[in-house]
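Subject: Model for your files

Hello,

Please find the model below, with its sequence. My notes come after it.

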Amino acid sequence: MSALFIAQKVGQRYGARVALDDVSFTLERGQMLALLGPSGAGKTTLFRCLAGLQRPNTGRIELDGADVAALHGRERRRIGLVFQQFNLVPRLSALDNVLAGRLGHASAWRGWLRQFDAADMALAHDCLARVGLAGHARQRADTLSGGQQQRVAIARALAQQPDLIIADEPVASLDPGSGAGILELLKSICHADGLAVVCSLHQPEYARRYADRVLGLRAGRVVVDLEAQRFGREQIDTLYDGVIHEPQF
Amino acid sequence: MRSWKGWVGAALALAFYVVCWRVAQVDLARLAEGLPKLGHWIASAWPPALHELPLFGERIAETVAMAAIGTTAAMLLALPMAVLASRNITPWPRLYFPARWLLNALRGIDSFIFALLFVAAVGLGPFAGVIGIALHTWGSAAKLLADHIENMPMGPLDAVRSTGAGRATAIGYAVLPEILPVLLSSGLYWWEFNVRASTVLGVVGAGGIGLELKNSMDLLDFPRLLTIIVLILIVVTALDQASSWLRKRLV
């Protein structure tokens, strides 16, 4: 039985600059991977490649045996994306935003008329309830707080019933309290539903607390790949040149 | 040096206005001669002629209806055209510039000119006016919407696309809800604008109250003219109030 998500020798250059160099890792169902690294280490490029938004120059990324760069149309629903800026449709209700996650399953006319069948509606309500926003279904997305908007975005990804959720710095625009709640939620979804989660982060202590594994990137190369409990001071120094001092470690 | 340039600039500006004054044949003496005539007409316009009110009502209704149909048609056509003329979401980037040029052309030609053409093509009557209004408003409305779309953040559209939705479905889901209020509120504005504009369409035979306005002027029937002008003012003001009230609720 091979792993759910496999990155094999992924490389990306932009002209002479090497953004990603020989990045490889594997991820099992029910596992949450934190992606760490200083700015410019290649996290954003890796996110785009993992999400299938961009085909890397070299190497291959597979989801359950399928090349993610070749996923298109409805197949893209297998990967749920969560963005730093939430990316909800501001004037739509929380529920309608979650229902967007069903567009890869439902027929196109339902999307145009925003008329979903009973099963999709029930699933969307469930997803909202799971992120703790059952009471906000009819509220317009742009009236929710940042933390609530990110929860709606996670519910949208959940509604896709994906195999994998990729979150690109999902807590970078949130206050620490909301941020911790979001990561707690991703972790519990990952373990309860048997999804794989990849989450890029800026804070090493979050990675240690919420992730199962930590992948550290530096100048496009993997310099750290180990279980989250074993991630400590030494690895932080390797990643960030010792410029981060955190009392927790 | 600086003041020397200033003097030359001032002299050029002065020369420009002198030439314009000549070309435009401004003649204040003629205005002074004409004013008493105007005063006499205004005096003779009272009391307004009310016996033709039912006819005027019909003509005003024609004007409002022309504007309503023309504006609505323009709004419906503007929606797909705006998608085509938005650099960031157009499905056919090759058609971006042709679409923009077409919109600029439609916008640059007044509905009055279009009405002139279509009176010749489809005959006298309000239908020619409807087409004139629709074409000009189409260009203006689609350009406004396209500019709005080009300034929208694309994150929500990308996110909806990534859920496995098709391109058209994603645009309908993520872009349409954001531009619909703009479409409706600008549509109300255009309707009101077109009611005002289409009063002159009657002059070229394209239907509406403008026809009666021109007849009265030709016959120097000032009580009739006064009635028509007051009616136009009442309708335009009422529409202006109603549409601004509605627009406030929409946004």
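This is a predicted model: local features need pLDDT of at least 70, side-chain atom pairs count only at pLDDT 80 or more; totals for chains, interfaces and linings use all residues.

Four-stranded sheet, chain A

One open sheet in chain A has 4 strands in the order β2-β1-β4-β5, with antiparallel pairing. Its edges are β2 (17-27) and β5 (66-67) of chain A; each has a single partner strand, so one side of each lacks a neighbour in the sheet.

Strand β1(A) covers residues 5-14 and runs antiparallel to β2(A), with 7 bridges between the two. Within this pair, Arg13(A) has Val18(A) as its bridge partner, and Gln12(A) lies opposite Leu20(A). The two strands make a hairpin with 2 residues between them, and Gly15(A) in the turn has a positive phi of about 65°.

β1(A) also pairs with strand β4 (residues 58-63) of chain A, again in the antiparallel sense, through 5 bridges. On that side Ile6(A) faces Glu62(A) of β4(A).

Six-stranded sheet, chain A

A further open sheet in chain A has 6 strands, ordered β6-β7-β8-β3-β9-β10, and its pairing is mixed. β6 (79-82) and β10 (221-227) of chain A are the edge strands; since each has a single partner strand, one side of each is left without a neighbour in the sheet. From one strand to the next the twist averages 15°.

The order places β8(A) between β7(A) and β3(A). Strand β7 (residues 164-168) of chain A pairs with β8 (residues 196-200) of chain A in the parallel sense over 5 bridges, and Leu164(A) stands opposite Ala196(A) there. With strand β3 (residues 32-36) of chain A, the pairing of β8(A) is parallel too, over 4 bridges. In that pair Ala34(A) is opposite Cys199(A).

How many residues of β8(A) are buried? The count is 5 of the 5, so β8(A) is largely enclosed by the rest of the structure. Ala196(A), Val198(A) and Ser200(A) point one way from the strand, while Val197(A) and Cys199(A) point the other way; all are buried.

Leu158(A) belongs to helix α5 (residues 146-159) of chain A. It counts as buried because it has 24 C-beta neighbours inside 10 Å, where the cut-off for buried is 20 or more. Setting aside neighbours within four places in sequence, Leu158(A) is in contact with Gly80(A), Gly101(A), Cys127(A), Arg130(A) and Ile189(A). Trp112(A) is 46 residues from Leu158(A) in sequence, and their C-alpha atoms are 21 Å apart.

Asp96(A) sits in helix α2 (residues 94-99) of chain A. Is Asp96(A) buried or exposed? It has 22 C-beta neighbours inside 10 Å and therefore counts as buried. Between Asp96(A) and Thr238(A), 142 residues apart along the chain, the C-alpha separation is 44 Å.

Contact between the chains

The contact between the chains involves 23 residues of chain A and 16 residues of chain B. On the chain A side, helix α3 (residues 108-113) gives the most, with 3 residues. That side of chain A consists of 10 nonpolar, 7 polar and 6 charged residues.

Chain B

Chain B is divided into domain 1 (2-35) and domain 2 (53-250). The centres of these two domains, taken over C-alpha atoms, are 38 Å apart.

Helix α8 (residues 167-198) of chain B and helix α10 (residues 222-250) of chain B have axes that come within 10 Å and cross at roughly 175°. Angles over 145 degrees count as roughly antiparallel, and α8(B) and α10(B) are therefore roughly antiparallel to each other.

The residues that α8(B) brings to this contact include Pro181(B), Leu184(B), Leu188(B), Trp191(B) and Val195(B). Those from α10(B) include Val235(B), Val236(B), Leu239(B), Leu246(B) and Leu250(B). By class, the contact has 11 nonpolar, 2 polar and 4 charged residues.

Regards

Definitions and conventions: Residues are numbered from 1 along each chain as its sequence is written. Chains are lettered from A and ligands numbered from 1 in the order in which they are written. Domain bounds come from an automatic or database domain assignment. Two strands pair if DSSP finds at least two bridges between them. Axes are lines fitted to C-alpha atoms, for helices over the stretch in contact, and angles run from 0 to 180 degrees between N-to-C directions. Angles under 35 degrees count as roughly parallel, over 145 as roughly antiparallel, 65 to 115 as roughly perpendicular and the rest as oblique. Two residues are in contact if their C-beta atoms, placed from the backbone, lie within 7 Å. Ala, Val, Leu, Ile, Met, Phe, Trp, Tyr, Cys and Pro count as nonpolar, Asp, Glu, Lys and Arg as charged, and the others, Gly among them, as polar. A residue is buried if 20 or more other C-beta atoms lie within 10 Å of its own, exposed if 12 or fewer, and partly exposed in between; C-beta atoms are placed from the backbone.
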